Amino acid sequence: MTSLPPKPQKRSRKSSSAASSSGSRERSMVWEHYEKFERPVYEYKDGKKVLVRNEPHAKCKYCSKDLACNTYDNGTSSLKRHIENVCKRYPGRADLEQHQKVFVAGGKLSEPTLGMTAFDEDSILKACVEMIVIDEMPFNSTEKLGFKRFCRAACPRFKVPGRGLVVKTFWEMYADQKRKLRQELASHCVNITTDTWTSVQNINYMVVTAHFIDCGWNLHKRIINFCVIPNHQGNTIGKLLEACLLDWEIERVLTISVDNASANKVAIEFIREKMMTWDKPPVLGGKWLHVSKKVCILDVPTRWNSTFLMLDTALQLRKAFDRMAEEEDSKYRSYFDEEDEFTDDEADIADAQNKPTVREKRVGPPNLSDWERSTVFVNFLQQFHDVTLRASATNTPTVQKVFHDIVIIQQEIEDLFNQRHLEAGSQTQKILLEMASKMKTKFEKYFGSIDDINQLLLVALVLDPRYKLRYFQHICETELHYDSFIVKQKSDELRDLVFKLTDLYATSMATKKAKPSDKDAEKSSTTSKSSSCGSKTSSSLTRKRAAMQANWRQALEDSSQTVVSHEVDRYLLDPIEDPPEGEDWKLLD
């Protein structure tokens, strides 16, 4: 790489005096960037063009700009300014001039190192827009006096943008990021989750999130739509979902996870029918497109997780509550001596039913039996709380844990009917039995049998090297108490589904083979002709070999040896992983 000519520098007085004393003045370094020539100057005299004089001029070596360089009238100052600030084709101008010295901590704050960084106004503008978006600031934040003062002190050369330029840059950055994300989503098989809700302003919203695993086996989550929806009807949800997928050009969708509302089932059927008409139909015909997000099946009018956290915290502070209850003059005791207040809703209901609003004394403080009941409820709700936390994780895969959680919930519900440590006929037992009955009915509605579970959830269990297919068979026999015939049937169906998905993945990842050349085609034709000529003589040998292979396969089936006919068979026969207990197992690593 050739070195650039040096930046024009000012001549010191000492060097100037030395040059003048020697009789030959030293040439300025600016002439490394110019070519000097004489330009003729003409005037018209008596109607004739006459040469008057030749004026010295300099021609820039990079942009061919012509500049005057008379020693007495112009000098070299204009030539230096052109190289330093004007000439855009001079390759060394950015390195020589557009740099700012900044201190960068090198190891220790007490030992800073001086580094050089180029001044790039576009990069600073984009960083400013990112700050506004990340910190959720208004677009006119750059027009406020405080921000302008900060920029003037931190980077005086930066021209503070107005709100118009900020908005324009924001949309350009958004379009660029959307284009990159669209390309990323097009190269992967995507899983979609969607949800709808109504705000306190009675406005319906819908959010669509895309989940995918990149080539480096990293799990990603991207919100691709957040919009207002007219209503919660199934066709409306399906149309918006279809429009979102078409806008992002997402063609390969494996699953769509929604709640178990009837409208969402209609939406899934709508989008499945639409996807069947696309150029690339859904995976396996969209048979396993619908995935239910509802694993925890507590059907209570209040937020049960808030109730659990409240009771769990109260149990941790039980000694403090008991101590406050022992103090007769405490505000804690006086609170329960007051009468309970009616809410506006309760007062309206009493007025509508023509009932008197009788104020009752507050219940409390909690006694021994209240603490015992709280302990029972907390121990029971703890399992559902843990399941909810596992299922709600977004940065790590959780699909392989769903089957375990379903079995755990079923066992917890069954245990509710067998609370031997509780007093028969007690209030606590009645509440638990009533809760167990409602929860069992709801559980059987969603997960009454193994066929009600999306089979892709079971595929994820098989692909976990800690469990594989043998674990599924083990749970079905020991925990779910299925008949051996049903276990064998479901295992074979699950194994076939893993085969189909593996073949589908291998097909999508395989590269297209190049078309054979004319010589290869001619060679192939010749080979086929020769093989067809000899087929008559080798047909008897082929039949004998086929019979030998059939006998060998039969012998393998009769013995304990396992035939590996597919890559999935090899995976299922490999030893099962057994990580140390308590280790945070990462499935994608």
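Okay, the largest nonpolar core: it has 47 residues, and Phe403, Ile453, Phe472 and Leu494 touch the most other members. By nonpolar core I mean a set of buried Ala, Val, Leu, Ile, Met, Phe, Trp, Tyr and Cys residues joined through side-chain atoms within 4.5 Å. Buried is under 20% relative accessible area, exposed is over 50%, and partly exposed sits in between, with a 1.4 Å probe and protein chains only.

Before I go on, this is a predicted model: local features need pLDDT of at least 70, side-chain atom pairs count only at pLDDT 80 or more, and totals for chains, interfaces and linings use all residues. Residues are numbered from 1 along each chain as its sequence is written, and side-chain values use heavy atoms, with hydrogens and water left out.

The elements giving it two or more residues include helix H13 (368-391), helix H14 (402-416), helix H15 (427-447), helix H17 (468-478) and helix H18 (484-509). Helices here are DSSP runs of H or I with at least four residues, strands are E runs of at least two, and both are numbered from the N terminus. If you click on isoleucine 453, you'll find Phe403, Ile406 and Phe447 touching it, leaving aside residues up to four places away in sequence; contact means heavy atoms within 4.5 Å. There's also a second, separate core of 26 residues, and Ile192, Ala267, Ile271 and Trp278 are among them.

Now, which residues of H17 are buried? That would be Lys468, Leu469, Phe472, Ile475 and Cys476. They span an arc of only 165° around the axis, so they end up on the same side of H17. That arc is taken over the directions from the helix axis to the C-beta atoms. As a reminder, an α-helix has 3.6 residues a turn, so residues three or four places apart point the same way.

On to the sheet. Five strands make an open sheet with mixed pairing, in the order S8-S7-S6-S9-S10. Two strands pair if DSSP finds at least two bridges between them. Strand S8 (219-228) and strand S10 (290-292) are at the edges with a single partner strand each, so one side of each has no neighbour in the sheet. From one strand to the next, the twist averages 25°. Helix H6 (residues 163-186) packs on this sheet, where it touches strand S6 (190-198), strand S7 (204-213) and S8, and its direction is at about 60° to that of S7. Axes are lines fitted to C-alpha atoms, for helices over the stretch in contact, and angles run from 0 to 180 degrees between N-to-C directions. As for S9 (residues 253-258) and S10, they run parallel and share three bridges; isoleucine 256 has histidine 290 in S10 as its bridge partner.

Then the hairpins. Strand S1 (residues 34-45) and strand S2 (residues 48-60) are antiparallel, with twelve bridges, and glutamate 35 has lysine 59 in S2 as its bridge partner. Two residues lie between the strands of this hairpin, and aspartate 46 has a positive phi near 55°. S2 also pairs antiparallel with strand S3 (residues 66-68), through three bridges. That hairpin has five residues between the strands, and serine 64 in the turn has a positive phi of about 60°.

Last, a loop residue. Asparagine 202 isn't a glycine, yet its phi is positive, about 65°. You'll find asparagine 202 in the loop between S6 and S7, and at 63% relative accessibility it counts as exposed.
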